[in-house]
There are 2 protein chains.
Amino acid sequence: MGISITGMSDLGQQAYEKLRVGILDGELPPGSPLSHRKLAQLFGISTIPVAAALQRLEAEGFVESRARAGTRVKMPTVGEISGNYIVREALESQAARLFAQSASPLQKQRLLRLANDLDKRYRRLDKQVTPSREAQAEVEKRHVEFHLEIARATGCQELVSAIEKSRVLLFNWLFSRSGEYVPLPQGWHTRLAEDLSSGQPLSADEAMRLHVTFRRDDILRHFAELEQAAEGKIERGPQHRKVSGTFATKLQNLPR
Amino acid sequence: MGISITGMSDLGQQAYEKLRVGILDGELPPGSPLSHRKLAQLFGISTIPVAAALQRLEAEGFVESRARAGTRVKMPTVGEISGNYIVREALESQAARLFAQSASPLQKQRLLRLANDLDKRYRRLDKQVTPSREAQAEVEKRHVEFHLEIARATGCQELVSAIEKSRVLLFNWLFSRSGEYVPLPQGWHTRLAEDLSSGQPLSADEAMRLHVTFRRDDILRHFAELEQAAEGKIERGPQHRKVSGTFATKLQNLPR
DNA sequence: TCTCCAAAACTGATATGTCAGATTTTGTTG
DNA sequence: CAACAAAATCTGACATATCAGTTTTGGAGA
């Protein structure tokens with residue numbers, strides 16, 4: 001997920017990246033408090049670049065901050081997830097149109113290969129009874145790459161950035177759900193790649209829409225349940241989860 | 001263009017808004033230097049909230065900053081404008097689909113009224129030989145509102161925000177071009193509103209795509225010329241233009 | 001044990017000052 | 001007058017300190 005453009009100074013940039021991977025890897029689950037001072041101490045820098053990093057993370061929707069009350073990792077609402085799907089559907093179907101319209105034979109071939117590889121990995125994952133979190137993350141990361149490859153082939157950098165933003169937001173929450181998820185149909189991505197390579201923009205558009213919204217309702221239902229569960233205990237302390245990472249614990253046990 | 005979510009503190013928020021309207025109104029034309037200190041002095045605040053405001057403006061593509069070298073209002077490239085059109089087409093056609101699918105009779109009626117009013121204003125503008133910049137800006141602002149009204153009717157806040165961002169970027173440059181612009185067809189917006197009210201998502205999608213891309217090629221050509229003209233004199237000092245605003249001049253004549 | 005409230009602890013926002021890098025100006029030399 | 005280097009100036013990045021809200025806590029009283 002190479003977001004390249006820095007737009008921030010050295011220390012701020014480093015803090016931003018650390019926090020970002022911390023959040024996306026699940027080391028900092030939703031609700032985790034992110035104190036300017038504690039982070040500054042943890043990173044060995046002042047609060048200024050930390051504030052810059054957190055401001056950017058807030059603008060990107062990873063974090064929510066209330067003035068003089070605290071900053072914490074954001075728990076997305078069902079409404080936001082749903083809205084995100086709508087935006088993603090718009091952007092990715094547009095990418096599909098452009099791909100069908102102007103992709104070179106080489107690009108089509110490359111996409112087909114990626115799709116095939118991806119389908120193999122998903123099949124392998126479905127065979128396992130209890131796939132490890134790492135294995136799921138690995139495949140999911142390649143899935144994102146697959147979609148980004150379609151966007152990149154359009155040659156429109158703005159479209160790539162927009163898709164990156166709307167995809168990344170879901171990256172974490174998507175596969176953090178329990179286990180009961182509907183397996184993908186046989187050759188799910190291969191068929192999509194074929195549709196995109198057909199040269200028919202409208203068909204490509206429609207195929208991508210179906211692809212993007214495939215598990216949407218399942219996931220929305222899942223999050224609606226989570227939301228209700230969280231509603232019962234209104235903000236009862238930081239949401240402790242069994243997190244192995246050293247990040248969150250270090251933060252907790254920091255004196256100041 | 002009501003972007004509501006603050007995400008920034010009081011002073012930083014105020015600085016952000018001042019700079020933003022300064023840029024969008026053309027008072028701070030592309031290339032204008034934006035010094036942290038000078039702005040801080042001008043606003044009567046410290047450099048911290050100014051830096052926060054500029055960071056946000058940079059993330060939104062309004063300014064560009066090089067560490068320890070300077071910050072200035074950004075001149076968008078043809079590639080960026082073109083990419084912006086692609087993203088806008090994706091988002092607005094999606095809004096059109098949803099509108100056609102789920103807008104209430106009241107919302108449809110309201111949209112038709114807005115479209116009619118808008119067409120009248122454009123017609124009035126076309127009659128004038130030399131319409132004032134203010135008059136153009138006024139109509140353009142209502143045009144943006146018309147499109148946002150479609151998005152709002154979908155009930156998807158994320159879609160509204162995404163469209164706001166991709167529209168606002170063009171707001172200024174769009175009508176800053178000389179004068180020779182192709183007049184819109186008769187009942188241009190009214191017909192669009194009718195298509196969106198037809199209840200056919202696919203027709204609405206297609207109609208909106210045509211609408212969004214109508215003057216695209218003209219504008220891209222215009223900016224390509226501007227870009228070439230600017231290329232000749234490589235960064236020869238700040239691009240002085242005849243700007244009436246007090247903003248830029250105040251900044252220039254500030255001692256420190 | 002429960003309720004309520006004040007003090008303590010914590011939080012983000014901001015001001016001031018300093019630093020090193022980038023740019024511009026200036027002085028010198030050919 | 002051109003070329004070049006040094007110095008003066010300007011820039012954004014960052015550290016430290018302080019402030020005013022917010023939340024938590026620890027009793028006091030019921």
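The legends below describe close-up views of a predicted model.

**Figure 1. Fold of chain A.** Chain A has eleven helices and two strands. Along the sequence the order of these elements is α-α-α-β-β-α-α-α-α-α-α-α-α. Of its 256 residues, 46% count as buried. Among contacts in chain A between residues at least 6 apart in sequence, 77% link residues at least 24 apart.

**Figure 2. The axis relating chains A and B.**

**Figure 3. The largest nonpolar core and the surroundings of A:Leu159.** The largest nonpolar core holds 83 residues. The members that touch the most others are A:Leu91, A:Leu159, A:Leu196, B:Leu159 and B:Leu196. With neighbours within four places in sequence left aside, A:Leu159 is in contact with A:Leu91, A:Gln94, A:Ala95, A:Leu98 and A:Thr154 in chain A, and with B:Ile86 and B:Val87 in chain B.

**Figure 4. Helix 2 of chain B and its buried side.** Helix 2 of chain B spans residues 36-43, and its buried residues are B:Leu39, B:Ala40 and B:Phe43. These residues cover an arc of only 100 degrees around the axis, which puts them on the same side of helix 2 of chain B. An α-helix has 3.6 residues a turn, so residues three or four places apart point the same way. The elements covering the buried residues of helix 2 of chain B include helix 1 (10-24), helix 3 (47-59) and helix 11 (246-252) of chain B. Just after helix 2 of chain B comes B:Gly44, which has a positive phi of about 75 degrees.

**Figure 5. B:His36 and its contacts.** B:His36 lies in helix 2 of chain B. Its relative accessibility is 32%, so B:His36 counts as partly exposed. Apart from neighbours within four places in sequence, B:His36 is in contact with B:Thr47, B:Val50, B:Ala51, B:Leu54 and B:Thr71. B:Ala52 is 16 residues from B:His36 in sequence, and the two are 10.0 Å apart in space, C-alpha to C-alpha.

**Figure 6. The hairpin of strands 1 and 2 in chain B.** Strand 1 (residues 63-66) and strand 2 (residues 70-73) of chain B pair in the antiparallel sense over four bridges. B:Arg66 stands opposite B:Gly70, a residue of strand 2 of chain B. The two strands form a hairpin with three residues between them. In the turn, B:Arg68 has a positive phi of about 60 degrees.

**Figure 7. Cys156 in the two chains.** A:Cys156 has a relative accessible area of 7% and is therefore buried, the cut-off being under 20%. B:Cys156 is also buried, with a relative accessible area of 5%. A disulfide is a covalent bond between the sulfur atoms of two cysteines. A search of the whole structure finds zero disulfides over all chains.

How values were computed
Residues are numbered from 1 along each chain as its sequence is written. Chains are lettered from A and ligands numbered from 1 in the order in which they are written. This is a predicted model: local features need pLDDT of at least 70, side-chain atom pairs count only at pLDDT 80 or more; totals for chains, interfaces and linings use all residues. Side-chain values use heavy atoms; hydrogens and water are left out. Buried means under 20% relative accessible area, exposed over 50%, partly exposed in between (1.4 Å probe, protein chains only). The arc is that of the directions from the helix axis to the C-beta atoms. Contact means heavy atoms within 4.5 Å. Two strands pair if DSSP finds at least two bridges between them. A nonpolar core is a set of buried Ala, Val, Leu, Ile, Met, Phe, Trp, Tyr and Cys residues joined through side-chain atoms within 4.5 Å. A disulfide is a pair of cysteine sulfur atoms within 2.5 Å.
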